[in-house]
Amino acid sequence: MSLTSRWEDFKTGMRPRLSEWRFMLKRMRQSNLAMAGLIIILCFIGIACLAPVLAPPPASNRGDPWIIPQDQTYLKMIGPNVPTPPTVQHVFGTTYYQYDIYYGCIWGTITAFRVGLTVVGISLIAGVIIGTIAAFYGGVIDEILMRFTDIILAFPGLVLSMAIVLAFPEAIPLNLSELFLGISAFFVLIFLGLKRDRTGAIWVAGFSVILVFSVLTYLYHPLILALNIGKLDKVLIALTLVSWPSYARLIRGEVLRVKNEDFVEASKASGSSDFRTITRHILPNSIYPVFIVATLDIGSVILTAAALAFIGIGSPPYFPDWGQIVSNSESVITNGVAIVHNFYTFFIPGMFIAMFVVGWNLLGDALRDVLDPMLRRR
Amino acid sequence: MLVFVLVGVTILVFIVTMLFPIDTRALLYVHGNIHDVPKAIADAIVKYNLKAPFYVQYWGWLSQLLHGNLGWSITSNQMVITSIATKWPYTFEIVLFAAPLIIFIGIYLGVQSAIHRNGPIDQVSRLLSIVGWSLPSFFVGLLLLAVFAGVLHWFPYGGSMTMSWTTFMGNPKNHFVHYTGVDLIDGLLNGRPALTLDVIWHCVLPVITVVTIDVALLIRVMRSSMLETMSKPYITTARAKGLSNKVVIYKHARRNALIPVATLSGMLVAGLLTGLIITETVFGFGGLGQQVVRAIENLDIPFIMAYTVLTALLFVIANLIVDIMYAYIDPRIRLD
Amino acid sequence: MSQGDIVEVKDLEVKFYTYSGVVEALDGVNLFVREGEILGLVGETGSGKSVTSLAIMRLVPPPGIIEGGRIILRDSGKQQDTLTMSESSIRQIRGKDIAMIFQEPRAYLNPVYSVENQISEVMLVHRKEELYENSVASVQMRIIDGRKAVLEKQKAQLDKEKPEGEKEKAELAKRREAIEKKLGQQTTKPPSNNEIASYRRLLRAERYWPAERARQYQKKKAKLEKLRADVQKQKTALEQKKGTEGQMAKINKQKRALMTWSAHYDRQYAELMKLEPYQFNLGRGARIKGAIRVGAIRFPARFNRKRQFKAEVQKEVVKVLKSVEIPDPERVSRMYPHELSGGMAQRVVIAMALACNPRLLIADEPTTNLDVTVQAQILNLVKTLKKNLGSAILYITHDLGVVAQSCDRVSVMYAGNVVETADVFETFSNPLHPYTRALLESIPRPGEPFKSIPGIVPSLINPLKGCRFHDRCSYAQEQCLTMKPKFLEVKPDHYVACHLYGGS
């Protein structure tokens with residue numbers, strides 16, 4: 001088949017999907033709340049992109065924007081323990097250690113996007129893969145994988161991520177040999193167990209090569225990388241580990257539902273490989289709820305990260321992150337009387353967090369409203 | 001199946017504890033009141049063979065866990081069990097008020113929103129639910145503190161009761177008997193209703209904080225579930241029978257709509273515990289949540305691990321209760 | 001369309017305001033159902049059959065709005081327009097005068113309530129007083145039966161006695177006569193509320209302390225008798241006393257007091273005596289697991305009016321289930337909808353619809369989702385029910401075979417209009433409207449080539465002007481494109497909406 005004809009086929013195949021997306025966009029434009037959510041997120045994206053312009057990192061930090069500047073004059077005059085209210089110089093005021101709140105909030109936007117998108121992105125991919133495998137192949141694999149997710153889901157998210165972050169070592173000596181050993185063994189077993197056809201044999205052969213290679217290096221000369229994990233990264237890893245099971249469960253439910261539809265059987269009957277059936281037929285029909293949950297989850301992940309920062313688990317005090325800014329002033333805020341006076345230290349970063357999450361929630365809600373009748377239209 | 005999950009939970013927790021250095025781990029095995037901490041650690045290492053391989057240690061840990069020894073908490077300088085036993089009533093006080101409020105307000109507003117779709121209640125509820133769920137818990141708590149305690153002085157700044165009562169209870173001359181350990185109830189049982197009122201007065205703001213955040217989700221789920229149920233065919237049959245609108249909604253629709261909400265409410269009540277970590281810190285309530293935060297500051301591993309296991313256990317129990325309730329509401333499930 | 005109709009639909013217009021546009025679902029529908037007949041409403045999917053039936057009961061779901069027309073309900077001379085009735089009035093009609101059954105029975109039954117719950121629900125809404133009266137009446141019947149049984153036993157005992165002489169024979173005869181008379185009275189005199197109440201009290205006591213109650217009864221009886229004897233004695237003593245004027249006054253006052261007392265005691269005694277017949281088995285009452293036996297009758301231990309009512313409703317539900325030929329109705333009434341098979345569920349739905357004896361039953365394709373054998377069963381059931389209950393049936397279907405088999409008259413619908421209405425034989429032998437003709441011709445016959453109607457069912461969002469069938473009609477004329485044909489009676493009892501027959 002020539003390339004142009006393949007492209008034509010692809011376009012024809014995508015046409016109904018495109019028209020559905022166009023319908024979706026039209027519906028979204030009709031909803032006021034959805035538009036509001038979109039605008040909010042766009043504003044935040046704007047702030048994130050314009051951060052170097054809106055809050056240029058001071059020269060004292062040697063050009064590294066990821067350190068919030070401390071007001072040295074205040075430090076000398078008042079000392080570190082007294083946050084200062086907003087002035088012209090510090091538009092939002094300063095926190096406990098005289099960190100500039102304005103700077104922190106602007107650069108914190110980037111951090112927020114980073115946290116949200118990374119955690120949700122990775123856990124989504126991992127969860128979808130695992131959930132689809134579990135649902136599609138069923139049987140023992142399904143049981144084992146679901147017990148796994150059950151165990152993780154048995155813990156409240158905040159508590160488990162807390163425990164993981166605390167337990168995480170500062171630097172992981174990443175034994176590449178072990179890693180490859182484990183992954184290749186896993187896939188060899190899976191494909192040995194599942195696919196007893198030619199494609200399966202190819203996969204088994206390929207992974208067996210990697211397996212042999214890793215066994216050899218493990219025995220004789222292990223490949224070790226030393227990774228230093230920053231505090232924030234620990235939080236990211238912990239949150240990812242905690243979030244993926246819900247996606248796995250969600251997609252598993254949807255795939256189970258779609259699996260029994262006639263078009264899946266038709267696809268299998270016409271000779272598609274499992275991978276093809278999954279990617280072309282099952283996934284497009286089952287993935288919509290996952291997107292809705294993902295959108296809502298971005299907000300929820302930010303809230304959890306902020307909660308963890310408030311407890312004391314998170315980035316270092318100088319790092320621009322909304323939750324961290326509030327956590328800096330924790331001793332002052334929870335003291336009682338001083339809370340009214342130092343209102344701005346938690347209110348402003350809190351409002352940033354709230355608006356961010358509201359934006360994503362509105363988008364997620366709009367998505368749900370739009371996709372639901374579409375799902376029902378089927 | 002449940003057993004598997006519980007075993008898996010213990011294995012996971014054990015793996016996490018194994019990541020800590022041996023000294024910290026030894027604290028998990030300490031039994032009884034100790035005054036000389038390093039010596040106790042050394043003793044524990046020897047006694048429980050903490051340098052042995054992985055699986056041997058697991059058995060040792062599990063067995064002494066099942067004997068009820070959760071270790072020694074360096075934050076409170078007590079056995080972890082004692083620490084938990086003294087702190088849980090404060091958490092319980094908040095949960096006691098918050099849980100029914102969340103469930104009943106959530107269900108009621110959800111149903112009303114669905115019935116009067118796009119009406120005033122619906123718009124306000126939806127707004128509240130989006131906003132309520134988006135606010136970080138410390139934000140709501142601090143805001144309420146600032147406004148109602150700081151500016152208006154209607155409520156106290158925090159703590160679970162005024163200091164005078166604490167000294168009152170401690171004074172042996174007053175013959176205050178801690179019947180249940182929960183100050184709210186003990187106040188009544190000792191004939192001191194003023195104490196109960198004081199506790200309630202201190203509980204108001206934390207409860208409002210927790211309720212605002214959780215009820216948002218419940219309203220949303222209840223509303224969508226109710227809307228979906230109202231378009232089901234058997235509602236048409238009910239109307240065709242000549243039943244009044246009220247009966248159709250409250251008898252036929254609501255019961256079916258509650259089915260997916262039941263799971264969620266179980267999770268919400270269990271999830272109250274996690275929300276309380278932040279809220280208790282903000283309000284200085286002195287319960288389990290605040291203790292965990294202090295434990296984190298001090299890297300008090302035994303307490304943190306115990307708390308993790310405890311919350312997981314409560315989650316599992318809540319799920320079990322929800323499953324039982326499920327079978328009660330939905331006869332289709334009963335045969336299983 | 002005459003006074004003999006139960007329901008008459010005139011020029012009904014229903015529009016649905018959807019996101020894709022305004023769907024003109026019904027565009028002047030004319031329909032009428034006569035008393036006690038089966039009217040078949042035929043049409044393709046999308047022709048508006050279901051919407052019409054929902055509109056009759058005013059159950060059109062949003063975004064549908066009934067825009068125009070009248071739906072007239074006739075009830076023994078009175079007539080009312082359901083479209084102008086208030087919500088509460090139409091609620092009284094739904095379920096009672098008009099009932100409806102739907103297509104997929106298990107989806108249309110509430111999954112969390114048992115069959116009995118759902119059937120009794122509709123009965124309780126419309127027939128509550130009647131059932132309550134029945135429940136009370138049944139208890140009254142039982143009390144009367146009890147009294148009768150007691151008297152019968154007394155009579156039997158009398159019969160056993162062997163009289164020894166003329167005087168005794170006469171006495172015996174007199175006693176027998178008295179009992180006979182009482183027996184005769186029992187059948188006509190219903191028990192009073194007091195009787196029922198005291199009987200209830202007695203039964204409650206009987207269940208737990210039969211001997212004790214017997215003792216108390218005897219004690220009270222003895223006490224009352226003693227009091228009455230005392231009063232009587234004092235009265236006679238006073239009668240004989242005579243004295244001065246002043247003393248007379250006092251004596252009279254005493255006498256009056258005594259009269260009041262004696263009346264009081266007499267009343268109490270009479271009250272107690274009412275329970276006398278039930279004392280028959282005191283102390284020897286056989287307790288049968290919560291029940292009490294008095295004579296030959298077994299009574300429930302705790303006579304609870306509410307429980308009686310519930311039992312009566314349950315009995316009625318079982319009766320209705322039996323009438324739809326459900327085997328083992330008691331067990332079925334306790335089941336849940338998901339435990340029923342398709343045919344069973346449809347019978348339950350029919351039972352639910354017929355629970356209040358409606359005058360019109362609307363059946364919206366009730367057999368489409370069922371097996372053919374079950375379909376035949378349900379059809380027969382429907383016909384039997386019509387014969388037994390005399391209700392009219394509006395049978396909506398797209399299956400002409402069913403129509404030919406079961407219906408008395410046929411209405412054919414196309415794209416939101418009724419195009420032809422006639423007696424079933426007339427329609428099948430002499431179809432007038434082109435659509436009806438095409439439908440009948442398209443029925444596959446062995447040996448003949450397939451004939452279908454060219455074109456597709458039109459979209460109702462922007463419907464065609466004029467006659468909606470004109471683009472597929474082989475007889476289309478000029479006026480068909482612009483003018484909508486009127487629904488006229490072209491032959492006796494044969495209505496058509498077509499320009500071919502002067503619909504202009």
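User: How many residues does the contact take from chain C and how many from chain B?
Analyst: This is a predicted model, in which local features need pLDDT of at least 70 and side-chain atom pairs count only at pLDDT 80 or more, while totals for chains, interfaces and linings use all residues. Residues are numbered from 1 along each chain as its sequence is written, and chains are lettered from A and ligands numbered from 1 in the order in which they are written. With residues in contact if their C-beta atoms, placed from the backbone, lie within 7 Å, the count is 21 residues from chain C and 17 residues from chain B.

User: Which element gives the largest share of the side of chain C that touches chain B?
Analyst: Helices are DSSP runs of H or I with at least four residues and strands are runs of E with at least two, numbered from the N terminus. On this side of chain C, two or more residues each come from α2 (87-93) and α3 (115-126) of chain C. The largest share, 4 residues, belongs to α3(C).

User: Which residue in β13(C) stands opposite C:Arg409?
Analyst: Strand β12 (residues 409-414) of chain C runs antiparallel to β13 (residues 417-423) of chain C, joined by 6 bridges. Opposite C:Arg409 stands C:Asp423.

Notes
Two strands pair if DSSP finds at least two bridges between them. Two residues are in contact if their C-beta atoms, placed from the backbone, lie within 7 Å.
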